[in-house]
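Please work through the exercises below with the sequence and the structure at hand, and try each task before reading its solution.

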Amino acid sequence: MTGESCGALVLSGGRGSRMGGVEKALLLLDGETILHRLERELAPFPEKLLSTNDPSLARGTSFLPVADRHRDRGPLEGIAAGLSAAKSPALLVLPCDMPGYTAALGEWLLAQGQADWPAWVCKAEDGLHPLCGVYRRAALPVLEQCLAEGMLQVRRALGLLDARILDTADSPFPPEVFTNINTPEDLEKAGSR
């Protein structure tokens, strides 16, 4: 799979409660928002979607905003809405608060996939990262079923999909690449790296 046959979806729209309600995609690192940093690293992907219920968040970027069809259903709803809206047959999915993502990680993720896998996600030293992976449109019926039944946990949906877990321990990517910015302390640490 290549960037041409896969789009990219950045999940935004969490409450950011541990960050005082701040939109995490707009947090600044080295004078640049995390969203713009992700946009730069996602340049190889011709289709870039932003899961958000605030379309103004995509203003001034190459992202097309995609709203949740049902509010307050979490990232599983964002992934399903993104797959429904995408022109691409698959989406590289990332959270908006993962500033360590690089284009090299995207290439590695795409190279790992097999034709019959509906989804594959990363596992790092600190655990599973279900919001850092690739989801094919073939996964959509299972995601829709989970949402219809009120099962909103992405990890549980991955189990139903028989998704593949990629252990990154032997990859060229250090654990810090997968760090999410959840607190002001996390932001401070990321800025000092």
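Two exercises follow, both based on a predicted model.

**Exercise 1.** Find the aromatic pairs in the whole structure and decide how the rings of each pair are arranged.

*Solution.* A search of the whole structure gives 2 aromatic pairs. A pair of aromatic rings is described by the distance of the centres and the angle of the planes. For Trp 108 and Phe 173, the ring centres are 5.8 Å apart and the planes stand at 70°, so this pair is edge-to-face, given that planes over 60 degrees apart count as such. Trp 108 belongs to helix H3 (residues 103-112), while Phe 173 sits in the loop between strand S9 (164-167) and helix H6 (184-192), so that the pair links distant parts of the chain, 65 residues apart. Both Trp 108 and Phe 173 are buried. For Trp 117 and Trp 120, the centres are 5.7 Å apart with planes at 70°, and therefore this pair is edge-to-face too; Trp 117 and Trp 120 are both buried.

**Exercise 2.** Work out how strand S1 (residues 7-11) is enclosed, and which strands pair with it.

*Solution.* Begin with burial: 5 of the 5 residues of S1 are buried, so the strand is largely enclosed by the rest of the structure. Next, consider the faces. In a regular strand the side chains alternate between the two faces of the sheet. On one side of S1 lie Gly 7, Leu 9 and Leu 11, on the other Ala 8 and Val 10, and all of them are buried, which leaves both faces covered. Finally, turn to the neighbours: S1 runs parallel to strand S6 (residues 90-95), joined by 5 bridges, and Leu 9 stands opposite Val 93 there. Strand S4 (residues 48-51) also pairs with S1 in the parallel sense, over 4 bridges, with Leu 49 as the bridge partner of Leu 9.

Technical notes: Residues are numbered from 1 along each chain as its sequence is written. This is a predicted model: local features need pLDDT of at least 70, side-chain atom pairs count only at pLDDT 80 or more; totals for chains, interfaces and linings use all residues. Side-chain values use heavy atoms; hydrogens and water are left out. Rings of Phe, Tyr and Trp (its six-membered ring) pair if their centres lie within 6.5 Å; planes under 30 degrees apart count as stacked, over 60 as edge-to-face and the rest as tilted. Helices (H or I, at least four residues) and strands (E, at least two) are DSSP runs, numbered from the N terminus. Buried means under 20% relative accessible area, exposed over 50%, partly exposed in between (1.4 Å probe, protein chains only). Two strands pair if DSSP finds at least two bridges between them.
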